[in-house]
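Have the structure open as you read.

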Amino acid sequence: MQAPGRSSVALFALRVFAVIALLACGLCFAATDTPDALLQRADQLKTVDNSKFETLLKQLDTQADTFTQTQRDWLHYLHGWQLGYQGMYLDGASALQNLIARTQDPTVRARARVSLINDQANASHYVDAYTTLAALLDSLPEIEDRYARFNALIIAALQYNEAGQYDLAINYMDKSLATDTSDRSTCIALATKAEALSKSGKLRADNTQIQSGLEACERANETLYANLIRADQAQALIGQGHIADALKLLKGHDKQVVASKSAFFISAYRARMARCFLLIGNPDKAMQYAQSAVDYGIKEPFSNHLANAYNVLYEIAKRQGDFQNALAFDEKYVAADKAFLKNISARALAYQTVHQKVQDTKRQIDTLREQNKVLQLKQQVDAKSTEARHLYILLLLAGFALVVMWAYRTKRAQLKFQTLAQRDGLTEISNRQHFFDAAQERLRYCAKNARDAVVIAMDLDHFKAINDMHGHAAGDATLKRVVGACKERLHSIDIFGRLGGEEFAILMPDCNAVVAAHRANEMRQAIAALSASANATNDVVVTASFGIAATSVCGYSLTTLLAHADNALYSAKHAGRNRVVVHRAGAEAKQAKPDNGINVSESADV
């Protein structure tokens with residue numbers, strides 16, 4: 001037999017090496033495909049590539065029978081998370097609540113609570129969300145896993161952000177940054193901080209810390225959070241007047257945003273793009289992206305981005321002379337904006353309610369602890385001689401004083417909360433609910449004593465444009481100044497309330513329609529003399545439209561008065577805005593004489 005040559009030996013050695021390499025790879029895959037490794041991989045893929053995450057989740061389901069109880073709990077957590085991510089918030093919340101009730105793993109429990117808070121908030125169950133958050137924060141000492149602790153701090157920041165508690169939110173974000181310095185955690189924390197700064201009007205596009213967060217997102221391949229930061233940077237650029245730069249930033253990553261499959265984020269992103277196209281004078285593109293934002297955001301009734309998209313469509317239709325569609329889009333914008341503002345108020349009220357309840361509970365616990373200390377001391381005193389009785393009496397008095405002090409502080413806090421609940425946080429006049437309560441009570445008195453009264457509905461004209469062009473800070477300042485101008489012309493018995501956004505209502509007891517029209521016109525003239533912002537370089541004039549309904553025509557029902565006042569206000573809007581319209585009974589509208597160049601009209605009861 002011929003001895004093998006060098007080539008044969010080399011081929012044989014190569015085959016042996018290949019077999020060894022395959023065996024090594026097999027052992028490697030066997031080691032990395034353990035249930036724990038697969039679960040960890042799935043957890044990492046959730047937001048990076050949700051399609052791959054779903055595929056891996058199905059693979060894990062086939063192996064679930066071989067899992068330990070803790071591994072099965074992790075699998076149930078991932079399923080619950082996915083339900084919420086797909087928009088099935090109530091189903092996700094139910095699954096997560098069941099998991100929290102039965103799991104013995106503090107890390108799983110913490111992660112499930114974080115996802116549960118998201119689902120409860122997305123389902124508008126805000127009191128439940130803040131109650132769960134309070135339980136999560138109380139459990140922080142038992143959470144040893146760094147990433148779970150990080151998520152707990154981040155969800156706290158997010159929820160406080162949504163409640164308008166921006167300083168508190170930023171405080172928790174800074175705590176989360178100190179907890180985990182990995183790229184992914186830094187990315188998520190700074191994306192959340194960018195949103196808080198943007199909502200509070202403090203974000204600048206050149207913020208170096210937020211830019212470092214964007215770079216961390218890119219290193220961690222977290223495209224969703226990276227584009228969240230870019231969206232907030234674009235909003236800052238819009239606020240600074242750099243529209244072209246904002247549009248360039250948004251356009252460059254639009255495909256990534258659509259690939260994220262997050263309907264809410266796509267709607268928000270494209271609404272901003274639509275606004276940019278409108279501002280640079282490209283109505284076709286503006287309409288295309290605004291309609292896309294509506295299509296993606298139509299399932300989100302509380303979305304500010306949906307309102308912004310409708311406002312863009314309204315502006316385009318108005319500029320094109322399509323007044324029928326302009327009116328339709330304006331009505332949708334008003335409805336979406338009202339829903340958004342109502343949702344913000346609901347979140348803030350839920351936060352205050354739960355916060356007050358938590359504080360009351362803590363005070364009660366502190367009181368019980370002090371009472372227990374008093375009881376323990378009493379038992380010790382009872383065991384001693386009679387010469388220690390004076391100490392016993394003093395201790396009882398101290399305990400009683402503590403209870404009285406707690407009761408006093410609780411009552412004072414309740415009264416303070418009641419006062420806050422009656423006032424609009426921005427303008428410090430009556431909020432919607434308190435206005436309704438006070439106005440109905442005053443109308444009952446007027447009806448009983450046969451006194452006249454008038455309800456005035458007031459709405460600022462094109463107020464959204466002020467927010468868009470000058471920022472929300474200028475819009476808030478405008479609302480305060482408008483309210484100040486009106487209050488100077490109101491009597492002490494008048495009731496002035498903010499119904500929502502830029503809508504207000506006034507009840508004037510002992511006043512008839514003629515006098516009310518004169519006073520409303522004075523307020524209208526005072527408002528028209530105001531600029532949108534004291535610091536604005538362009539003197540943007542603020543105007544308002546008024547609708548008036550009197551008890552002599554409509555009766556003493558507040559609902560009826562407001563309805564007719566709204567109809568009169570609607571007539572004022574359609575007659576050109578910046579005018580006063582008085583509701584009159586009858587089939588025809590009458591035109592009053594001009595007052596200082598401004599028409600004061602009268603609407604008919606059609």
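**Salt bridges and a pocket**

The structure holds 24 salt bridges. The model is predicted.

**A bridge between helices α10 and α8**
- Lys 199 and Glu 162 join their side chains in a salt bridge, 2.9 Å from N to O.
- This pair links distant parts of the chain: Lys 199 sits in helix α10 and Glu 162 in helix α8, 37 residues apart.
- Lys 199 is partly exposed, at 38% relative accessibility.
- Glu 162 is also partly exposed, at 24%.

- Glu 315 and Lys 318 form a salt bridge, with their closest N and O atoms 3.7 Å apart.
- They lie three residues apart in helix α17 (residues 304-319), so about one helical turn separates them.
- Glu 315 is buried, with a relative accessible area of 14%, whereas Lys 318 is partly exposed at 29%.

**A buried bridge**
- Arg 519 forms a salt bridge with Asp 494; the closest N and O atoms are 2.5 Å apart.
- Arg 519 belongs to helix α23 (residues 513-528), while Asp 494 lies in the loop between α22 (472-487) and β2 (495-500), 25 residues apart.
- Both Arg 519 and Asp 494 are buried.

**The second largest pocket**
- The second largest pocket holds about 490 Å³ of space.
- It is lined by 22 residues, and those closest to its centre are Gln 40, Asp 43, Gln 44, Arg 111 and Tyr 147.
- Helix α2 gives the most to this lining, with seven residues.
- By class, the lining has nine charged, seven polar and six nonpolar residues.
- Asp 43 and Arg 111 also belong to a salt-bridge network with Lys 46.

Terms used. Residues are numbered from 1 along each chain as its sequence is written. This is a predicted model: local features need pLDDT of at least 70, side-chain atom pairs count only at pLDDT 80 or more; totals for chains, interfaces and linings use all residues. Side-chain values use heavy atoms; hydrogens and water are left out. On a 1 Å grid over the protein atoms alone, a cavity is a set of points where a 1.4 Å probe fits but cannot get out, and a pocket is an open set with protein on both sides within 12 Å along at least five of seven lines; lining residues have an atom within 4 Å of a point. Grid points are joined across faces, edges and corners, and a volume is the space filled by probe spheres set on the points. Helices (H or I, at least four residues) and strands (E, at least two) are DSSP runs, numbered from the N terminus. Ala, Val, Leu, Ile, Met, Phe, Trp, Tyr, Cys and Pro count as nonpolar, Asp, Glu, Lys and Arg as charged, and the others, Gly among them, as polar. A salt bridge is a side-chain nitrogen of Lys or Arg within 4 Å of a carboxyl oxygen of Asp or Glu. Buried means under 20% relative accessible area, exposed over 50%, partly exposed in between (1.4 Å probe, protein chains only).
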